[in-house]
Amino acid sequence: MDNSKKLAGVAGVASMLWLAMTAAVAANQRRLVFNPTVKREVERPASSGHRTRPIVLRSKDGTRLSGWLMTPAALGPHPAVVYFGGRSEEVSWVARDAGKLFPGMAVLAVNYRGYGDSHGDPAEHHMVEDGRMLYDWLGQHHHVDPRRIAVVGRSLGSGVAVQVALERDARAIVLITPYDSLLAIAKRRFRALPIEYVLRHRFESVKYAAALMAPTYVLRAASDDIVPHSHTDQLVARLGRLHADETVPDSDHMNIPYLDGTQTRIANFLSQQFLRPPA
(Lines give C-alpha, C1' and ligand atoms only; values in the text may rest on other atoms or scores of the structure.)
Protein backbone atom coordinates (compact mmCIF):
# COMPACT_ATOMS: atom_id res chain seq x y z
CA MET A 1 0.00 0.00 0.00
CA ASP A 2 1.45 3.33 -1.02
CA ASN A 3 1.61 6.35 1.30
CA SER A 4 -1.39 8.10 -0.27
CA LYS A 5 -3.62 5.10 0.43
CA LYS A 6 -2.29 4.87 3.99
CA LEU A 7 -3.01 8.56 4.55
CA ALA A 8 -6.48 8.18 3.09
CA GLY A 9 -7.10 5.26 5.44
CA VAL A 10 -5.94 7.23 8.46
CA ALA A 11 -8.09 10.18 7.42
CA GLY A 12 -11.08 7.90 7.01
CA VAL A 13 -10.64 6.44 10.51
CA ALA A 14 -10.19 9.92 11.97
CA SER A 15 -13.37 11.09 10.26
CA MET A 16 -15.28 8.12 11.60
CA LEU A 17 -14.02 8.81 15.13
CA TRP A 18 -14.91 12.49 14.81
CA LEU A 19 -18.42 11.65 13.66
CA ALA A 20 -18.81 9.07 16.43
CA MET A 21 -17.68 11.54 19.10
CA THR A 22 -20.00 14.24 17.75
CA ALA A 23 -22.92 11.80 17.74
CA ALA A 24 -22.10 10.70 21.30
CA VAL A 25 -22.07 14.28 22.58
CA ALA A 26 -25.36 15.02 20.79
CA ALA A 27 -27.03 11.90 22.18
CA ASN A 28 -25.74 12.28 25.72
CA GLN A 29 -25.83 16.05 26.12
CA ARG A 30 -28.55 15.96 28.79
CA ARG A 31 -26.27 13.88 30.99
CA LEU A 32 -23.34 16.17 30.21
CA VAL A 33 -25.25 19.36 31.04
CA PHE A 34 -27.40 18.17 33.95
CA ASN A 35 -26.59 15.91 36.87
CA PRO A 36 -29.88 15.47 38.76
CA THR A 37 -29.39 14.81 42.47
CA VAL A 38 -32.35 13.03 44.02
CA LYS A 39 -31.16 12.49 47.58
CA ARG A 40 -31.79 15.40 49.93
CA GLU A 41 -28.71 17.25 51.11
CA VAL A 42 -30.52 18.04 54.38
CA GLU A 43 -32.94 15.40 55.63
CA ARG A 44 -35.19 17.73 57.66
CA PRO A 45 -34.61 21.22 56.29
CA ALA A 46 -35.76 24.10 58.46
CA SER A 47 -34.60 27.71 58.75
CA SER A 48 -33.84 29.14 62.17
CA GLY A 49 -35.14 32.53 61.01
CA HIS A 50 -38.24 31.47 59.08
CA ARG A 51 -41.33 29.36 59.11
CA THR A 52 -40.41 26.55 56.74
CA ARG A 53 -42.87 24.37 54.87
CA PRO A 54 -42.49 21.92 52.01
CA ILE A 55 -44.47 22.79 48.92
CA VAL A 56 -45.50 21.08 45.70
CA LEU A 57 -46.33 23.27 42.71
CA ARG A 58 -47.47 22.39 39.20
CA SER A 59 -45.66 23.66 36.14
CA LYS A 60 -47.65 24.90 33.15
CA ASP A 61 -47.62 21.40 31.66
CA GLY A 62 -48.66 19.81 34.97
CA THR A 63 -45.25 18.52 36.11
CA ARG A 64 -44.91 18.31 39.91
CA LEU A 65 -42.15 20.51 41.32
CA SER A 66 -41.14 20.11 44.96
CA GLY A 67 -39.26 22.43 47.29
CA TRP A 68 -39.59 24.74 50.27
CA LEU A 69 -41.17 28.08 51.08
CA MET A 70 -39.65 30.05 53.96
CA THR A 71 -41.43 33.06 55.40
CA PRO A 72 -40.31 35.33 58.26
CA ALA A 73 -42.22 35.02 61.51
CA ALA A 74 -43.17 38.71 61.54
CA LEU A 75 -46.19 39.90 59.63
CA GLY A 76 -45.56 40.85 56.01
CA PRO A 77 -45.49 41.70 53.27
CA HIS A 78 -41.79 40.91 53.03
CA PRO A 79 -39.12 41.20 50.35
CA ALA A 80 -38.51 37.86 48.73
CA VAL A 81 -35.98 35.69 46.89
CA VAL A 82 -36.30 32.94 44.29
CA TYR A 83 -33.26 30.65 44.36
CA PHE A 84 -31.97 28.60 41.40
CA GLY A 85 -29.42 25.89 42.10
CA GLY A 86 -26.44 24.42 40.29
CA ARG A 87 -25.95 21.48 37.95
CA SER A 88 -25.73 18.84 40.69
CA GLU A 89 -27.55 20.70 43.43
CA GLU A 90 -30.50 19.55 45.51
CA VAL A 91 -31.78 22.68 47.25
CA SER A 92 -32.86 21.52 50.73
CA TRP A 93 -29.70 23.14 52.16
CA VAL A 94 -31.15 26.57 51.29
CA ALA A 95 -33.94 25.97 53.81
CA ARG A 96 -31.33 25.15 56.44
CA ASP A 97 -29.20 28.25 55.75
CA ALA A 98 -31.91 30.78 54.86
CA GLY A 99 -31.78 32.45 58.28
CA LYS A 100 -28.29 33.75 57.54
CA LEU A 101 -28.49 34.01 53.76
CA PHE A 102 -31.85 35.74 53.51
CA PRO A 103 -32.74 37.37 56.86
CA GLY A 104 -36.16 38.98 56.97
CA MET A 105 -36.95 37.76 53.45
CA ALA A 106 -39.38 35.19 52.13
CA VAL A 107 -37.53 32.50 50.18
CA LEU A 108 -38.67 30.02 47.54
CA ALA A 109 -36.26 27.18 46.72
CA VAL A 110 -37.66 24.52 44.39
CA ASN A 111 -35.78 21.63 42.81
CA TYR A 112 -35.54 21.49 39.03
CA ARG A 113 -37.35 18.77 37.13
CA GLY A 114 -35.69 15.44 37.91
CA TYR A 115 -33.95 16.81 41.01
CA GLY A 116 -34.98 15.99 44.58
CA ASP A 117 -38.67 15.05 44.64
CA SER A 118 -39.52 17.01 41.49
CA HIS A 119 -40.84 15.01 38.56
CA GLY A 120 -39.87 15.19 34.89
CA ASP A 121 -36.61 15.67 33.03
CA PRO A 122 -34.40 18.77 33.12
CA ALA A 123 -34.09 21.01 30.07
CA GLU A 124 -33.18 24.66 29.61
CA HIS A 125 -36.58 25.75 28.29
CA HIS A 126 -38.35 23.96 31.16
CA MET A 127 -36.05 25.51 33.78
CA VAL A 128 -36.66 29.03 32.48
CA GLU A 129 -40.41 28.56 32.05
CA ASP A 130 -40.70 26.99 35.51
CA GLY A 131 -38.54 29.78 36.93
CA ARG A 132 -40.93 32.44 35.62
CA MET A 133 -43.86 30.49 37.08
CA LEU A 134 -42.12 30.31 40.49
CA TYR A 135 -41.40 34.05 40.42
CA ASP A 136 -45.04 34.83 39.62
CA TRP A 137 -46.36 32.41 42.25
CA LEU A 138 -44.16 33.96 44.93
CA GLY A 139 -45.23 37.47 43.92
CA GLN A 140 -48.87 36.53 44.51
CA HIS A 141 -48.22 35.14 48.00
CA HIS A 142 -49.78 37.20 50.79
CA HIS A 143 -46.49 37.25 52.75
CA VAL A 144 -44.59 38.83 49.84
CA ASP A 145 -44.20 42.36 48.48
CA PRO A 146 -44.30 41.75 44.69
CA ARG A 147 -42.28 44.94 44.07
CA ARG A 148 -39.34 43.55 46.03
CA ILE A 149 -38.37 40.15 44.62
CA ALA A 150 -34.77 39.19 43.84
CA VAL A 151 -33.41 36.22 41.92
CA VAL A 152 -30.33 34.30 43.04
CA GLY A 153 -28.65 31.76 40.78
CA ARG A 154 -25.66 29.53 41.38
CA SER A 155 -23.50 28.14 38.56
CA LEU A 156 -25.91 26.51 36.07
CA GLY A 157 -28.73 28.33 37.88
CA SER A 158 -27.15 31.70 37.08
CA GLY A 159 -28.26 31.10 33.50
CA VAL A 160 -31.82 30.48 34.72
CA ALA A 161 -31.78 33.56 36.99
CA VAL A 162 -30.60 35.81 34.14
CA GLN A 163 -33.39 34.71 31.81
CA VAL A 164 -36.07 34.98 34.51
CA ALA A 165 -34.87 38.47 35.48
CA LEU A 166 -34.94 39.48 31.82
CA GLU A 167 -38.72 39.00 31.68
CA ARG A 168 -39.67 39.90 35.25
CA ASP A 169 -39.20 43.09 37.24
CA ALA A 170 -36.61 41.74 39.66
CA ARG A 171 -35.39 44.18 42.30
CA ALA A 172 -31.89 42.62 42.40
CA ILE A 173 -29.87 39.77 40.92
CA VAL A 174 -27.18 37.65 42.59
CA LEU A 175 -25.04 35.41 40.37
CA ILE A 176 -22.74 32.91 42.08
CA THR A 177 -19.92 31.53 39.85
CA PRO A 178 -21.74 32.62 36.66
CA TYR A 179 -20.58 32.08 33.07
CA ASP A 180 -21.04 33.79 29.73
CA SER A 181 -22.70 30.79 28.11
CA LEU A 182 -22.71 27.04 28.50
CA LEU A 183 -22.09 26.85 24.77
CA ALA A 184 -18.82 28.78 25.17
CA ILE A 185 -17.67 26.48 27.98
CA ALA A 186 -18.60 23.39 25.94
CA LYS A 187 -16.68 24.70 22.91
CA ARG A 188 -13.65 25.18 25.17
CA ARG A 189 -13.93 21.60 26.43
CA PHE A 190 -14.72 19.95 23.07
CA ARG A 191 -12.52 22.06 20.81
CA ALA A 192 -12.47 19.67 17.90
CA LEU A 193 -16.23 19.07 17.72
CA PRO A 194 -18.98 21.21 16.12
CA ILE A 195 -20.68 21.79 19.49
CA GLU A 196 -22.65 24.79 18.25
CA TYR A 197 -24.59 22.50 15.90
CA VAL A 198 -25.57 19.85 18.46
CA LEU A 199 -25.91 21.56 21.87
CA ARG A 200 -29.55 22.35 22.67
CA HIS A 201 -29.14 23.58 26.26
CA ARG A 202 -26.98 26.68 25.72
CA PHE A 203 -27.78 29.01 28.64
CA GLU A 204 -26.34 32.00 26.77
CA SER A 205 -26.48 34.57 29.59
CA VAL A 206 -24.10 36.88 27.75
CA LYS A 207 -26.79 37.48 25.10
CA TYR A 208 -29.18 38.87 27.71
CA ALA A 209 -26.74 40.59 30.08
CA ALA A 210 -26.93 44.10 28.62
CA ALA A 211 -30.72 44.15 28.95
CA LEU A 212 -30.70 43.43 32.70
CA MET A 213 -31.70 46.61 34.53
CA ALA A 214 -31.62 45.32 38.12
CA PRO A 215 -28.46 45.79 40.23
CA THR A 216 -26.43 42.64 39.70
CA TYR A 217 -23.97 41.23 42.22
CA VAL A 218 -21.41 38.70 40.94
CA LEU A 219 -19.58 36.37 43.31
CA ARG A 220 -16.66 34.28 42.05
CA ALA A 221 -14.81 31.37 43.62
CA ALA A 222 -11.15 32.00 44.39
CA SER A 223 -10.37 28.65 42.75
CA ASP A 224 -12.78 27.47 40.07
CA ASP A 225 -12.02 24.57 37.75
CA ILE A 226 -15.62 24.39 36.48
CA VAL A 227 -16.24 27.97 35.38
CA PRO A 228 -12.94 29.61 34.42
CA HIS A 229 -12.78 33.29 35.38
CA SER A 230 -12.38 34.23 31.74
CA HIS A 231 -15.96 33.06 31.13
CA THR A 232 -17.20 35.16 34.05
CA ASP A 233 -15.22 38.14 32.68
CA GLN A 234 -17.14 37.96 29.40
CA LEU A 235 -20.47 38.08 31.23
CA VAL A 236 -19.49 40.86 33.64
CA ALA A 237 -18.30 43.05 30.76
CA ARG A 238 -21.80 42.95 29.27
CA LEU A 239 -23.98 43.34 32.36
CA GLY A 240 -26.37 46.27 32.11
CA ARG A 241 -26.12 47.28 35.76
CA LEU A 242 -23.22 45.69 37.61
CA HIS A 243 -23.29 46.43 41.34
CA ALA A 244 -20.08 44.58 42.24
CA ASP A 245 -17.88 41.72 41.09
CA GLU A 246 -16.18 40.06 44.07
CA THR A 247 -14.12 36.96 44.76
CA VAL A 248 -14.83 35.07 47.98
CA PRO A 249 -11.57 34.13 49.75
CA ASP A 250 -10.78 30.44 50.29
CA SER A 251 -13.67 29.38 48.07
CA ASP A 252 -13.97 26.90 45.23
CA HIS A 253 -16.80 26.05 42.86
CA MET A 254 -18.34 23.52 45.22
CA ASN A 255 -18.08 25.16 48.65
CA ILE A 256 -18.76 28.81 47.82
CA PRO A 257 -22.49 28.99 48.71
CA TYR A 258 -21.94 27.46 52.15
CA LEU A 259 -19.20 29.81 53.33
CA ASP A 260 -19.90 32.51 55.91
CA GLY A 261 -18.18 35.06 53.68
CA THR A 262 -20.53 34.30 50.79
CA GLN A 263 -23.68 34.22 52.86
CA THR A 264 -22.87 37.47 54.67
CA ARG A 265 -22.13 39.24 51.36
CA ILE A 266 -25.41 38.11 49.83
CA ALA A 267 -27.46 39.01 52.92
CA ASN A 268 -25.94 42.49 53.07
CA PHE A 269 -26.39 43.18 49.36
CA LEU A 270 -30.02 42.08 49.27
CA SER A 271 -30.89 43.89 52.49
CA GLN A 272 -29.50 47.13 51.04
CA GLN A 273 -31.35 46.69 47.76
CA PHE A 274 -34.65 45.98 49.47
CA LEU A 275 -34.35 49.17 51.51
CA ARG A 276 -34.42 51.25 48.33
CA PRO A 277 -37.85 52.71 47.49
CA PRO A 278 -39.64 50.91 44.65
CA ALA A 279 -39.03 52.32 41.19
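Reader: How many residues lie between β1 and β2 in the hairpin that they form, and which residue in the turn has a positive phi?

Author: Five residues lie between the two strands of the hairpin, and G62 in the turn has a positive phi of about 90°. The model is predicted: local features need pLDDT of at least 70, side-chain atom pairs count only at pLDDT 80 or more, and totals for chains, interfaces and linings use all residues. Residues are numbered from 1 along each chain as its sequence is written, and side-chain values use heavy atoms, with hydrogens and water left out.

Reader: What makes β1 and β2 a pair, and in which sense do they pair?

Author: Two strands pair if DSSP finds at least two bridges between them. Strands here are DSSP runs of E with at least two residues, helices are runs of H or I with at least four, and both are numbered from the N terminus.

Reader: Why is β2 described as largely enclosed by the rest of the structure?

Author: Eight of the nine residues of β2 (residues 64–72) are buried, and the strand is therefore largely enclosed. Buried means under 20% relative accessible area, exposed over 50%, and partly exposed in between, with a 1.4 Å probe and protein chains only. By this definition, 53% of the 279 residues of the protein count as buried.

Reader: Which strands of the sheet are called edge strands, and what makes them so?

Author: The open sheet has eight strands in the order β1-β2-β4-β3-β5-β6-β7-β8, with mixed pairing. Its edge strands are β1 and β8 (242–252), each of which pairs on one side only. The twist from one strand to the next averages 20°.

Reader: What makes a set of residues a nonpolar core, and which members of the largest one touch the most others?

Author: A nonpolar core is a set of buried Ala, Val, Leu, Ile, Met, Phe, Trp, Tyr and Cys residues joined through side-chain atoms within 4.5 Å. The largest has 46 residues, and F84, L134, V151, L156 and F203 touch the most other members. Helix α5 (residues 156–167) supplies the largest share of this core, six residues. A second, separate core of 30 residues includes W93, A98, A221 and L270.

Reader: At what angle do α3 and α10 pack, and which residues meet there?

Author: Helix α3 (residues 92–101) packs against helix α10 (residues 260–275) at about 60°, with the axes 9 Å apart. Axes are lines fitted to C-alpha atoms, for helices over the stretch in contact, and angles run from 0 to 180 degrees between N-to-C directions. Contact means heavy atoms within 4.5 Å. On the α3 side are W93, D97, K100 and L101, and they meet D260, Q263, T264, I266 and A267 in α10.

Reader: Which strands does α9 lie across, and at what angle does it run to β7?

Author: Helix α9 (residues 229–236) lies across β6 (172–176), β7 (216–223) and β8, and its angle to β7 is about 165°.
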